[in-house]
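Here are my notes for you to read alongside the model. Take the points in order and keep the 3D view open as you go.

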Amino acid sequence: MMPNAPSPMPNVQYPIIKTMMFIDPHIHMCSRTTYDYLVMREYGIVAVIEPAFWLGQPRTNAGSFKDYFSSLVGWERFRASQFGIQHYCTIGLNPKEANNEALATEVMELLPLYACKEGVVAIGEIGYDDMTEAEDKYFCQQLEIAKELDMLVLIHTPHRNKKAGASRSMDRCIEYGLDPSQVVIDHNNEETVEEVLGRGFWAAFTIYPQTKMGNARMVEVVRKYGRDRIIVDSSADWGISDPLAVPKTAQLMLDRGIPEEDVRAVCYENALAAYSQTGQMKASDWLNPQSVDQRQMFSGNSVLRGQEPGIKSVSDYVLIE
Amino acid sequence: MSKVNKLLHQWLLNSVSEKAFAWLEQKQAQIASGAAERVFFTAFSAVPRYLGKEDLQLTFQDLEAAQDVIPGWYPGHWSVDQAGRTLLLLALPYDDTQGYLRSLDQFFSTADMGELVVLYQSLPLLPHPELHRHRTAEGIRSNMSNVFQAIALRNPYPANYLDNAAWNQMVLKAVFVGSPLHLIWGLDQRANPELAKMLADYAHERWAAKRSVTPELWRPVGRFADSAIITDLEKVLANGAIDEQEAAALACAESPLPQAQALLSHYPDLQLSIQQGNLTWSSFSRERLFVYK
């Protein structure tokens, strides 16, 4: 079987990160296995945010979006909770699929049904892919919804023509009355970071093999720009990507002399500060989960098929009983 | 205002702030007067933000009052947001039955887990209860344990409205996911021969895999045990832990078969406890079930 997730090598030691807490504020768990949750929790990830995005192939009808949004606020959230990870999401029509206008119009009608649900921390990921007129139209409509519902926004910056796309996204946010402190710009690199931070937005970086940002480069970005308003995430999804990208990058930062408080800021605290603004995410959700909703851990469930929920070392699963 | 509405109102008045209560009443009024579905949706989703998620503080008298209105209704584990959401649900106009059902379908199909729990645990309180059978059977198929439990446990709807096939699936699934069976309302009344056979087969599967079986499994089995099942009970009585032996003895005591009574007579201590009323399914639930996770 082709391994999708580079699992931790059994003999590789991550001494320091195992004592830290992490948030992965951009990861597509619907494309990950339950085993990933187990390993992520073991490496200190206490909370994840799953932005609504496409599914690897374009959807052909609004019903697919409805089921997808439902799984983000429902099943996926529950599945994560069974492994001691709090799951949040953002709801939005992604830039690529905004180009199917007939479909996009129907999806826009679905958004208010999901935007107010528990654990929805932002409208996202929205923004540009090809920077077409249709993408612009639905991007703006969603900025209006965010403004109306007083929500945060998570921006996807395009792979191609990234610098111009990032600039125009920020222009639009300002134009529609959003405060930069309410907007996270993601998939940044060395070319975009200065403008994003300079204009007061949150700057997120996707640690993703081959494309986007590498973790050695990330260390240098933090060294150069400091810890303020910088957020590290994995964006792990269907591609060859790593759900442990945040803790591994934290380890590399520590190994290369970044102070621990800076590592904690960019791999935990800043994401919490940004996304807790909607009131749908707070540290007590994972620090004191039982007081939040004991019913969620009431009894057994079918993900586990008889195993104990919670955090066990991966090596415990060698023997299948 | 209906009796159910009155109770929920009273309980919430005691549990949430005046401001939160006013918000809820305003939404209730808008929904009752036929506001757009979007008003119901956003309000229903937003209830925890305004009311919080604390448990309702109910007294013994409150729970008795609930039982008086609808036998089997036990809101002892409800939270304030659940009570608030139920009130919004009860505010929906339902005179146009088809339109009402269409709306409900829409709500169910876009609900998150917390919302689904409320929708299902409110079923016995909703108008047109006989029209929700299919929906309930669907909910039993849920992979989310607390959604399943919202239907199966402390909820009189299944016992009152489900057919045997759906009812039996529910009980079997409760065993499968480890739910406490004594919280299934009407379990003893709705026991039947097919269910007894399914449960015994399930016990055999577990034994083959060298896994344990909840002793509660024998509760709906006793009255309908055939001689094959009596043989199973014989094995449990001979080799089981004390809680399993007690459950098997209770099952034997409920069986009309002479074979079962003969078997029980080999365990005079258990037989005597049952005859004297010291060992019953209620005492068993109280005293023994903590040992079974």
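**Notes on the two chains**

1. Let's begin in chain B, with two helices that touch. Phe148(B), Ile151(B) and Ala152(B) in H9(B) meet Met170(B), Lys173(B) and Ala174(B) in H11(B). Sorted by class, this contact has five nonpolar residues, one charged residue and no polar ones.

2. Before going on, remember that this is a predicted model. Its scores are ipTM 0.71 and pTM 0.82. For chain B the mean pLDDT is 93, with 99% of the residues at 70 or more.

3. The crossing of H9(B) and H11(B) is left-handed.

4. H9(B) has another partner, helix H7 (residues 113–121) of chain B. The axes of H7(B) and H9(B) come within 8 Å and cross at roughly 10 degrees. Anything under 35 degrees counts as roughly parallel, so that is the label for H7(B) and H9(B). On the H7(B) side you'll find Met113(B), Leu116(B), Val117(B), Tyr120(B) and Gln121(B); they meet Asn146(B), Val147(B), Ala150(B) and Ile151(B) in H9(B). By class, seven of the residues in this contact are nonpolar, two are polar and none is charged. Look out for Ile151(B), which is listed in the contact with H7(B) and also in the one with H11(B).

5. Now for chain A. It has 12 helices and eight strands, and of its 321 residues, 58% count as buried. Take the contacts in chain A with a separation of 6 or more: residues 24 or more positions apart account for 76% of them.

6. Is Ser31(A) buried or exposed? You'll find Ser31(A) in the loop between strand E1 (22–24) and helix H1 (34–42) of chain A. Its relative accessibility is 7%, and buried means under 20%, so Ser31(A) counts as buried. From Ser31(A) to Tyr43(A) is 12 residues in sequence and 19 Å in space, C-alpha to C-alpha.

7. Last, a caution about chain A. Its mean pLDDT is 87, and 84% of its residues reach 70 or more. Over residues 291–307 of chain A, though, the pLDDT is below 50, and the model has 42 contacts for this stretch beyond near neighbours in sequence. Residues 1–11 of chain A also stay under 50, with 20 contacts beyond four places in sequence. Where pLDDT is low, the predicted coordinates should not be read in detail.

Note on methods. Residues numbered from 1 in each chain as written. Chains lettered and ligands numbered in written order. Predicted model: local features only at pLDDT ≥ 70, side-chain atom pairs only at ≥ 80, totals over all residues. Heavy atoms only, no water. pLDDT = per-residue confidence, 0-100. Left-handed = near helix turned anticlockwise from the far one by under 90°. Helix = DSSP H or I, 4+ residues; strand = E, 2+ residues; numbered from the N terminus. Contact = heavy atoms within 4.5 Å. Nonpolar A, V, L, I, M, F, W, Y, C, P; charged D, E, K, R; others polar. Buried < 20%, exposed > 50% of the residue type's maximum accessible area, 1.4 Å probe, protein only. Axes fitted to C-alpha atoms, helices over the stretch in contact; angles between N-to-C directions. Parallel < 35°, antiparallel > 145°, perpendicular 65-115°, else oblique.
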